[in-house]
Amino acid sequence: MAPGKLLAAAAAITIAAGVPQASADTWRYAFEESLEEVQGVFAQKFKEEVEARTDHEIQLFPFGTLGESADIMEQAQAGILQFVDQSPGFTGSLIPEAQVFFVPYLLPTDQAQLARFYKDSVAVNEMFPELYAEQGLELLVMFPEGEVAMTTKEPVTSCADLDEVKFRVMTNPLLVESYAAFGATPTPLPWGEVYGALQTGIIQGQENPTFFLYSTGIYEVTDHITYAGHNTFTTALMANKDFYDGLSAEDQAAIQEAAAIAYDFIVEYQKGLAEAELQKILDAKPEMTVTVLTDDQRACFKEAAGSVEAKFIEMTGESGKAILEQMKADLEAAAN
Ligand code: 6CS
């Protein structure tokens with residue numbers, strides 16, 4: 001249903017009931033995945049916790065029901081949606097500093113360290129909220145979705161194997177720089193076009209966390225999975241800032257509590273998830289190859305990381321540099 005129709009429908013229900021509604025209006029929350037995928041599981045927990053603490057209901061809009069990632073962000077900025085989950089993979093085109101999450105090998109793959117990092121990071125919890133606020137967004141929480149793997153039509157054991165490979169990336173300029181530095185031909189596309197583009201051979205590779213390779217069927221249209229350890233998928237829950245600022249202190253506190261509880265829940269939920277979903281891929285398609293690159297095989301990817309980091313600073317100036325430095329300090333602190 002179109003957002004305008006939703007509002008009209010809600011108003012009609014209120015009038016038809018003939019009773020003044022308490023403040024139990026519905027808050028709309030869109031995300032980039034299905035209900036059963038990580039963002040959807042997080043959203044369901046958040047909804048449950050908010051509804052237990054307030055007299056509001058949350059209506060969830062999974063991927064595709066309101067459009068692509070760019071569409072739901074526009075709707076959240078316009079206040080049609082109260083909540084939106086969008087990865088910095090897309091937000092990076094709006095907030096250049098958010099592209100820091102695509103400096104290769106900046107984030108570790110260790111889940112426990114990552115869990116501490118997002119929770120305690122000064123960059124994530126103090127610096128980024130100011131930048132998101134400039135775009136009309138209240139950043140509530142960032143959380144990890146797992147190490148990303150490359151999936152391709154041909155095997156990849158070095159950067160040379162990416163030569164001439166049209167490799168799909170999310171639509172942010174630094175990811176384009178990364179895959180160009182890895183030797184591929186980066187091809188930015190919204191998610192909805194990826195399966196078809198692989199199926200028809202328009203592109204020959206893409207990257208995503210393991211659970212997503214299984215749940216979306218991407219393994220059906222690629223033949224090789226490669227782990228280079230170069231990144232972990234990050235995502236973020238935001239609220240429309242005017243909406244959030246207009247809430248009572250109690251409702252704001254309920255939202256913050258719900259986000260913190262959903263964070264712990266989704267970290268726990270993902271323990272062992274990548275391994276289990278990889279096994280499902282292999283059960284469904286035994287001929288799929290899975291390669292974890294050795295240190296030697298990773299060398300060219302790591303070398304490329306230096307130029308991508310320099311590009312990030314060139315793109316974002318002092319502000320990006322400060323975030324990058326703080327992220328490094330926060331990651332160091334989370335290592336122990
Ligand atoms: O690659 C993408 O575009 C998608 N990947 C994940 C893991 N979640 C949503 C996003 O749109």
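## Ground rules

Buried means under 20% relative accessible area, exposed means over 50%, and partly exposed lies in between (1.4 Å probe, protein chains only). By that rule, Thr91 counts as buried because its relative accessibility is 0%.

This is a predicted model: local features need pLDDT of at least 70, side-chain atom pairs count only at pLDDT 80 or more, and totals for chains, interfaces and linings use all residues. Residues are numbered from 1 along each chain as its sequence is written, and side-chain values use heavy atoms, with hydrogens and water left out.

Thr91 sits in helix H4. Helices (H or I, at least four residues) and strands (E, at least two) are DSSP runs, numbered from the N terminus. Contact means heavy atoms within 4.5 Å. Leaving aside neighbours within four places in sequence, Thr91 is in contact with Met73, Gln86, Tyr132 and Met238. Gly196 is 105 residues away from Thr91 in sequence and 24 Å away in space, C-alpha to C-alpha.

Ala43 belongs to helix H2 (residues 38-53). Ala43 counts as buried because its relative accessibility is 0%. Ala43 and Ala30 are 13 residues apart in sequence, and their C-alpha atoms are 8.7 Å apart in space. Beyond neighbours within four places in sequence, Ala43 is in contact with Tyr29, Phe31 and Leu60.

## The nonpolar core

A nonpolar core is a set of buried Ala, Val, Leu, Ile, Met, Phe, Trp, Tyr and Cys residues joined through side-chain atoms within 4.5 Å. The largest one here has 103 residues. Tyr29, Phe46, Phe83, Val100, Phe101 and Phe128 have the most contacts inside it.

Which residues are in contact with Tyr29, leaving aside its neighbours within four places in sequence? They are Phe42, Ala43, Phe46, Ile58, Gln59, Leu60, Phe61, Leu81, Phe83, Asp85 and Leu237.

## Aromatic pairs

Rings of Phe, Tyr and Trp (its six-membered ring) pair if their centres lie within 6.5 Å. Planes under 30 degrees apart count as stacked, over 60 as edge-to-face, and the rest as tilted. A search of the whole structure finds 17 aromatic pairs. One of them joins Tyr179 and Phe182. This pair is edge-to-face, at 5.0 Å centre to centre and 75° between the planes. Tyr179 counts as buried because its relative accessible area is 0%. Phe182 is buried too, at 1% relative accessibility.

Phe211 and Phe212 form an edge-to-face pair as well, with 5.8 Å centre to centre and 70° between the planes. Both Phe211 and Phe212 are buried. Elsewhere, ring pairs link Trp27, Tyr29, Phe31, Phe46, Phe83 and Phe243 into a cluster.

## One disulfide

How many disulfides does the structure hold? It holds one. A disulfide is a covalent bond between the sulfur atoms of two cysteines. The cut-off used here is a pair of cysteine sulfur atoms within 2.5 Å. Cys159 and Cys300 form the link, with their sulfur atoms 2.2 Å apart. The link is right-handed, with 100° about the S-S bond.

The pair links distant parts of the chain, 141 residues apart. Cys159 is in the loop between strand E4 (137-152) and strand E5 (166-169), while Cys300 is in helix H13 (residues 295-334). Is each cysteine buried or exposed? Cys159 counts as buried, at 12% relative accessibility. Cys300 counts as partly exposed, at 26%.

## Where H5 meets H6

Axes are lines fitted to C-alpha atoms, for helices over the stretch in contact, and angles run from 0 to 180 degrees between N-to-C directions. The axes of helix H5 (residues 111-120) and helix H6 (residues 122-133) come within 5 Å and cross at roughly 30°. On the H5 side, Phe117, Tyr118, Lys119 and Asp120 meet Val122, Val124 and Asn125 in H6. By class, this contact has four nonpolar, one polar and two charged residues. Ala, Val, Leu, Ile, Met, Phe, Trp, Tyr, Cys and Pro count as nonpolar, Asp, Glu, Lys and Arg as charged, and the others, Gly among them, as polar.

## Loop residues

Most residues other than glycine have a negative phi. Tyr105 is not a glycine, yet its phi is positive, about 65°. Tyr105 is found in the loop between H4 and H5. Glu164 also has a positive phi, about 70°, without being a glycine. Glu164 is in the loop between E4 and E5, and it counts as exposed at 65% relative accessibility.

Pro96 lies in the loop between helix H4 (88-91) and H5. Pro96 counts as partly exposed, at 34% relative accessibility. Leaving aside neighbours within four places in sequence, Pro96 is in contact with Phe312 and Thr316.
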